[in-house]
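This briefing covers a sheet and the packing of several helices. Keep the structure at hand while reading.

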Amino acid sequence: MGKQWLPYVSYSLWLLFSPSLRRETSHCHAVRGFKKARHQEKDIKILIEQDTIPQQIGHLAQIIVFEYHHRPIHITNDEIYEWIAQKIELCTLPDVIKTRIEYILNNYIKNPFLKDKEILFISRGDEGFPEPITLCYNNYQFNLFASFDCIVREDDGRINILDFKTGRSSFDQRQAFVYLVAARYQRPNETITASFYNLETQIHSGFISATDAQLNAVEIELKQIAEIHQHELKYFKLNRQDFYSIYRPSVGRHCEWCHFRSVCDAQSLGE
């Protein structure tokens with residue numbers, strides 16, 4: 001018998017509801033609608049399955065780190081570049097992606113951030129959805145999905161959940177808090193922090209921790225997002241004509257580079 005279906009939430013869903021710092025003016029709720037309510041429509045499904053350039057770079061960068069730390073013993077330092085380049089099929093990448101991936105690969109070989117760290121887990125990035133963590137607040141049950149890039153044990157015994165970034169991706173403390181909420185259930189007897197590391201700029205965020213009170217507040221926020229999300233989906237199912245009322249668009253210059261511009265009617269509707 002399969003698991004009971006429950007409302008769900010994740011950091012990525014939270015981000016669709018509320019943007020990260022300095023992304024407020026370009027935030028559009030219609031994007032959430034396309035991704036979460038209309039994702040099975042043929043034209044939209046095709047778009048969702050096509051990774052954007054930043055997504056492709058992020059995925060390839062994750063593979064670089066994974067393969068670097070899983071290379072066979074016989075691969076020498078001088079051979080690492082070519083070995084990983086073959087793994088990611090570097091020579092076949094479009095120039096706009098290839099240039100940045102070469103930079104990330106060279107950077108990581110010169111300065112492997114995880115060198116000498118005790119790696120407890122590292123993701124290749126293509127393992128699919130993780131098993132959800134079931135949370136319960138005021139008798140309301142919902143699933144939390146949290147995918148970790150890497151988990152290491154620091155020298156002081158603390159567990160650190162590390163998330164890799166590329167490009168101009170900001171360090172959003174909310175993402176760290178979601179990881180800490182998940183880890184509180186998965187590793188209840190451990191001291192845990194979270195942090196970010198940008199593989200292009202080689203900037204580390206520093207370690208982020210949270211009190212039980214802070215994590216309780218995050219759980220309440222996640223529960224509210226799960227509730228609102230399910231309410232929206234149910235309403236849209238019965239009122240498909242109200243898509244742009246349920247998922248209100250934000251029209252502006254950012255529409256020019258929106259992933260869903262070819263299927264969005266917001267501008268023609270005078271929004």
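Two strands count as paired if DSSP finds at least two bridges between them. The model described here is predicted. Its open sheet has four strands, in the order S2-S5-S6-S7, and the pairing is mixed. Two helix contacts are also described, that of H4 with H5 and that of H5 with H6.

**Sheet**

- At the edges of the sheet lie strand S2 (118-122) and strand S7 (192-198), each of which pairs on one side only.
- From one strand to the next, the twist averages 25°.
- Strand S5 (residues 150-153) runs antiparallel to its partner, strand S6 (residues 159-165), and four bridges join the pair.
- Across this pair, Ile151 is placed opposite Ile161 in S6.
- Helix H7 (residues 173-186) packs on the sheet, where H7 touches S6 and S7.
- The direction of H7 makes an angle of about 140° with that of S7.

**Helices H4 and H5**

- Helix H4 (residues 53-68) packs against helix H5 (residues 80-87) at an angle of about 130°, and their axes are 10 Å apart.
- Angles of 65 to 115 degrees count as roughly perpendicular and those over 145 as roughly antiparallel; H4 and H5 are therefore oblique to each other.
- The handedness of the H4 and H5 crossing is right-handed.
- On the H4 side, the contact is made by Ile64, Glu67 and Tyr68.
- H5 contributes Ile80, Trp83, Ile84 and Lys87 to that contact.
- Sorted by class, the residues of the contact of H4 with H5 are five nonpolar and two charged, with no polar ones.

**Helices H5 and H6**

- H5 also packs with helix H6 (residues 95-110): the axes come within 11 Å and cross at roughly 140°.
- That angle makes H5 oblique to H6.
- The crossing of H5 and H6 is right-handed.
- From H5, the residues in contact are Ile80, Tyr81, Ile84 and Ala85.
- In H6, their counterparts are Glu102, Leu105, Asn106 and Ile109.
- The contact of H5 with H6 consists of six nonpolar residues, one polar and one charged.

**H5 in both contacts**

- Ile80 and Ile84 of H5 take part in the contact with H4, and Ile80 and Ile84 also meet residues of H6.
- Trp83 and Lys87 are among the H5 residues that make the contact with H4, while Tyr81 and Ala85 are among those that meet H6.

Notes: Residues are numbered from 1 along each chain as its sequence is written. This is a predicted model: local features need pLDDT of at least 70, side-chain atom pairs count only at pLDDT 80 or more; totals for chains, interfaces and linings use all residues. Side-chain values use heavy atoms; hydrogens and water are left out. Axes are lines fitted to C-alpha atoms, for helices over the stretch in contact, and angles run from 0 to 180 degrees between N-to-C directions. Contact means heavy atoms within 4.5 Å. Angles under 35 degrees count as roughly parallel, over 145 as roughly antiparallel, 65 to 115 as roughly perpendicular and the rest as oblique. A crossing is left-handed if the near helix is turned anticlockwise from the far one by less than a right angle, and right-handed if clockwise. Ala, Val, Leu, Ile, Met, Phe, Trp, Tyr, Cys and Pro count as nonpolar, Asp, Glu, Lys and Arg as charged, and the others, Gly among them, as polar.
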